[in-house]
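Hello,

Here is the structure I said I would pass on. Please look through it first, then read the notes below.

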Amino acid sequence: MTEKQKNQLGVLLVGSGSAVPEQIINNNQLASRVDTSDEWITTRTGIRERRIISNQESLLDLCSTAGSHAISMAGWDPQTIDLVILATSTPDDLFGSAAKVQSAIGAQKAFAFDLTAACSGFLFALVTAAQYLRNGSIHRALVIGADQLSSWVDWDDRKSCVLFGDGAGAIALEASQSENGLIGFKFKSDGRRGDCLTLPQKRNFEQLVEGNDFQQGNFSTIQMNGQEVYKFAVREVPAILEELLNIHQINSNSLDWLLLHQANQRIIDAVAARFKIPQSKVLTNLANYGNTSAATIPLLLDQAIRVKKVKKNDLIATSGFGAGLSWGAALIRWHG
Ligand code: COA
């Protein structure tokens with residue numbers, strides 16, 4: 001540890017919350033729209049059903065509920081929050097939705113911004129918030145991961161539509177003089193390989209005035225090469241986790257939990273097998289929620305905390321990966 005690192009504060013994970021839409025769509029229902037089956041989806045992905053935001057709900061509602069639950073578990077007055085980061089690729093407003101969440105949860109004194117890194121977004125946001133806490137510039141931060149990919153899925157593309165769902169999760173973070181719950185992290189990006197998973201603007205130029213044009217904003221649907229993404233995940237996630245464990249000289253035996261981005265059960269099983277982590281230590285809720293992008297990690301962590309699976313001081317190895325391409329891993333201890 002360098003002198004500089006010694007002078008930094010610790011970061012504690014002190015509260016969690018989550019929220020999912022009411023509307024449940026199971027595999028058989030999807031099979032009434034595209035040429036697929038419950039058997040195909042379950043065997044290839046592990047997903048049985050997903051939650052989809054209906055016209056009675058909004059992503060903002062989910063974020064606010066998840067955030068409020070995390071605040072109340074932490075025992076905070078919302079007025080004492082300094083920072084709100086919303087990790088999302090699907091804000092209600094392209095200028096950002098974090099300030100709307102800040103207002104809805106009553107965190108008037110906090111500054112708030114969105115952070116976009118697709119399915120890696122929550123971990124990138126967690127570590128971003130931690131930097132402010134560690135250097136002492138703020139004391140309390142709320143980090144939310146939330147996505148409404150249902151708005152951007154091509155529901156007639158059976159190769160991708162079966163994978164995704166909507167949801168939100170939140171973690172409350174506090175600076176500490178004596179303890180530290182963010183033991184380490186490692187992040188990577190590779191834009192050269194980004195084409196296998198995108199949600200691009202349509203090229204849609206219209207005339208502005210005689211002789212000049214402009215692009216009218218309008219996004220396409222999710223474009224995915226599933227096999228390439230799969231290969232990327234099973235190669236890079238174990239590699240980055242191994243790097244992180246080595247840096248901190250932590251043996252995978254001493255992990256209490258493996259908590260991966262929930263994309264495909266086969267990816268989760270492959271990573272667990274690589275580290276010889278037994279199924280009993282692998283957290284998953286993929287069957288019921290599918291891939292909720294930036295929400296998967298805090299949503300699953302909150303559910304595991306609330307059923308008292310994850311307990312105080314448990315050591316968790318977590319990894320997020322997805323579009324960018326971007327991926328990362330973090331070692332965290334739940335403080336509660
Ligand atoms: N139902 C039925 N058949 C389907 C199907 C579906 N929903 N989706 C694809 N198929 C068919 C294909 O058309 C193909 O048929 P063919 O052999 O006649 O051409 C066959 O199933 C195999 O397709 P393939 O793409 O090779 O399947 P796969 O085993 O690679 O599984 C994914 C597809 C998408 C489940 C898998 O590649 C995956 O999970 N990739 C990672 C995606 C991901 O996690 N993205 C988000 C990352 S954050």
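How many Å separate a nitrogen atom of the ligand from an N or O atom in the side chain of Trp40? The distance is 3.3 Å. Keep in mind that this is a predicted model, and that every value here is computed from it.

The ligand is surrounded by 23 residues. The closest are Thr36, Arg44, Arg158, Gln227 and Asn264. Thr36 has a polar side-chain atom 2.7 Å from a nitrogen atom of the ligand. For Asn264, an N or O atom of the side chain lies 2.7 Å from an oxygen atom of the ligand.

In the contact, domain 1 takes part with 46 residues and domain 2 with 44 residues.

About 3400 Å² is buried between domain 1 and domain 2, and carbon and sulfur atoms give 64% of that area. On the domain 1 side, Cys119, Leu123 and Phe124 supply 18% of the area buried against domain 2, more than any other three residues.

There are 0 salt bridges between domain 1 and domain 2, but 17 residue pairs are in polar contact. Several elements give two or more residues to the side of domain 1 that touches domain 2, among them β1 (10-19), α4 (59-74), α6 (121-134) and β7 (166-176). That side has 22 nonpolar, 15 polar and 9 charged residues.

Regards

Technical notes. Residues numbered from 1 in each chain as written. Predicted model: local features only at pLDDT ≥ 70, side-chain atom pairs only at ≥ 80, totals over all residues. Heavy atoms only, no water. Contact = heavy atoms within 4.5 Å. Buried area = accessible area lost by both parts, 1.4 Å probe. Salt bridge = Lys/Arg side-chain N within 4 Å of Asp/Glu carboxyl O. Polar contact = N/O pair within 3.5 Å; in protein donor to acceptor, adjacent residues only side chain to side chain. Helix = DSSP H or I, 4+ residues; strand = E, 2+ residues; numbered from the N terminus. Nonpolar A, V, L, I, M, F, W, Y, C, P; charged D, E, K, R; others polar. Near = heavy atom within 4 Å.
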